[in-house]
Amino acid sequence: MISLEFPGSPVIISSATDIQATSLTVKWTVPADDGGSPITAYRVVILKGGNQIKNVNTTDSGITSLSVGDLERDTEYNVKVFARNAVFEGAPGQKTIRTKAIGKISRSFL
């Protein structure tokens, strides 16, 4: 009998080129450990301070990036990416990202 467990955490790999003044592209790697069942989905959560401002589910396990708009300039955001297998959602990969003070403004994303 196969024992299913929590999947590992994705690693957020967004770089400076993925960050703009009012938007960012969150990029992550597939967890090294799927917990015994293939990854079926991801959930991306963006927090500003302690307030959740985005909570997006992607049900295509082949997608490992998400563009997020309507953010504030020169602001620190805590980004979390969770992986899910058939049974469990694992612990998040986390990264603190600061938007740029100047640069391209975009409101056409999520």
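Reader: In which sense do strand β3 and strand β6 pair, and over how many bridges?

Author: β3 (residues 41-48) and β6 (residues 76-84) pair in the antiparallel sense, over seven bridges. Two strands pair if DSSP finds at least two bridges between them. Strands are DSSP runs of E, at least two residues, numbered from the N terminus. One facing couple is I46 and V79, the latter in β6. A word on the source: this is a predicted model, where local features need pLDDT of at least 70, side-chain atom pairs count only at pLDDT 80 or more, and totals for chains, interfaces and linings use all residues. Residues are numbered from 1 along each chain as its sequence is written, and side-chain values use heavy atoms, with hydrogens and water left out.

Reader: What does β6 do with β7?

Author: β6 pairs with β7 (residues 93-98) over six bridges, in the antiparallel sense. There K80 stands opposite Q94 in β7.

Reader: What makes β1 and β5 edge strands?

Author: Take the sheet first. Three strands form an open sheet, in the order β1-β2-β5, with antiparallel pairing. β1 and β5 (65-68) each pair on one side only, and they are the edge strands. β1 and β2 pair over two bridges. V11 has T29 in β2 as its bridge partner.

Reader: Why is D18 called buried?

Author: Its relative accessibility is 9%. Buried means under 20% relative accessible area, exposed over 50%, and partly exposed in between (1.4 Å probe, protein chains only). So D18 counts as buried. D18 lies in the loop between β1 (11-12) and β2 (24-29). Leaving aside neighbours within four places in sequence, D18 is in contact (heavy atoms within 4.5 Å) with I13, S23, L24, T25 and K27.

Reader: How many aromatic pairs are there, and why is the pair of F6 and F88 called tilted?

Author: There are two aromatic pairs. F6 and F88 are 4.3 Å centre to centre, with 35° between the planes. Rings of Phe, Tyr and Trp (its six-membered ring) pair if their centres lie within 6.5 Å; planes under 30 degrees apart count as stacked, over 60 as edge-to-face and the rest as tilted. So at 35° the pair is tilted. F6 is in the segment before β1, and F88 in the loop between β6 and β7, 82 residues apart.

Reader: Why is F6 called exposed, and what is F88 called?

Author: F6 has 51% relative accessibility, so F6 counts as exposed. F88 has 26%, so F88 counts as partly exposed.

Key
Helix = DSSP H or I, 4+ residues; strand = E, 2+ residues; numbered from the N terminus.
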